[in-house]
Amino acid sequence: MLRRKNEGSILIMSLMTFSIVSLICITCSALILSNNRISDLEYKNEKLKEENLGLIELIKSNTLEEVSYIVENTKTEEAFYNYLKENNYKSFPNRIKNISGIDLKNTSIEIAYNEKFSTKKFIHYKISVKSKIDNHEKYNFVKMKIQNPYFGISEEDVETENINSNETVKSEEEISPEKNNENVNINESDLITFYNYEEE
């Protein structure tokens with residue numbers, strides 16, 4: 001009789017031990033799976049963030065190239081402003097968001113002229129970039145303003161400044177005749193400002 005009771009107790013203890021071990025194993029598996037998912041989400045979030053920052057840097061580079069071109073081909077406040085606002089307010093954004101030179105998939109860029117804040121002194125744009133991995137998306141937003149280097153300078157002042165500039169850099173002109181002396185005092189990178197960076 002005592003032997004049967006002992007066998008019953010051993011069986012109950014074995015079942016309890018097995019249940020506890022099983023519960024610990026299941027809990028550990030759930031924690032590992034949860035940690036893997038969190039790590040995967042963190043990795044994707046960082047990768048998407050890096051891709052978006054890369055897109056913004058590319059936009060900065062393209063903008064600098066375009067603004068350099070505009071400075072070379074305009075000489076007055078009105079001409080610079082019209083190039084960005086009236087004549088090319090659609091084609092300019094299309095050129096600076098061109099990412100055909102890099103291999104980035106599942107990304108998109110939206111650039112819109114910001115009429116509310118734009119003036120002849122500062123032309124403003126709103127930029128939105130998006131990257132996607134599987135079902136995960138990340139958006140980054142930034143605003144850009146481009147300063148009109150000719151703002152407040154009349155056409156006569158520009159001509160006078162060009163004459164003075166040509167006289168001052170005459171020796172440099174002999175060394176490098178290809179140099180555009182008319183724009184020697186304009187640093188294009190100083191004309192471009194990115195601000196109000198946000199991510200979502």
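How many aromatic pairs does the count come to? The count comes to 5 aromatic pairs, where rings of Phe, Tyr and Trp (its six-membered ring) pair if their centres lie within 6.5 Å, and planes under 30 degrees apart count as stacked, over 60 as edge-to-face and the rest as tilted.

This is a predicted model: local features need pLDDT of at least 70, side-chain atom pairs count only at pLDDT 80 or more, and totals for chains, interfaces and linings use all residues. Numbering starts from 1 along each chain as its sequence is written, and side-chain values use heavy atoms, without hydrogens and water.

Phenylalanine 92 and tyrosine 125 have ring centres 5.4 Å apart and planes at 45 degrees, so the pair is tilted. Phenylalanine 92 lies in helix H3 and tyrosine 125 in strand E2, so the pair ties together parts 33 residues apart in sequence. Helices (H or I, at least four residues) and strands (E, at least two) are DSSP runs, numbered from the N terminus. Phenylalanine 92 is buried at 0% relative accessibility; tyrosine 125 is buried too, also at 0%. Buried means under 20% relative accessible area, exposed over 50%, partly exposed in between (1.4 Å probe, protein chains only). Phe92, Tyr113 and Tyr125 form one aromatic cluster.

Two lysines sit over rings (NZ of Lys or CZ of Arg within 6 Å of the ring centre and within 35 degrees of the ring normal).

| Lysine | Ring | Distance to ring centre |
|---|---|---|
| Lysine 60 | Phenylalanine 194 | 5.3 Å |
| Lysine 145 | Phenylalanine 122 | 4.6 Å |

Phenylalanine 80 has contacts (heavy atoms within 4.5 Å) beyond four places in sequence, including Ile70, Ile123, Ile146 and Tyr150.
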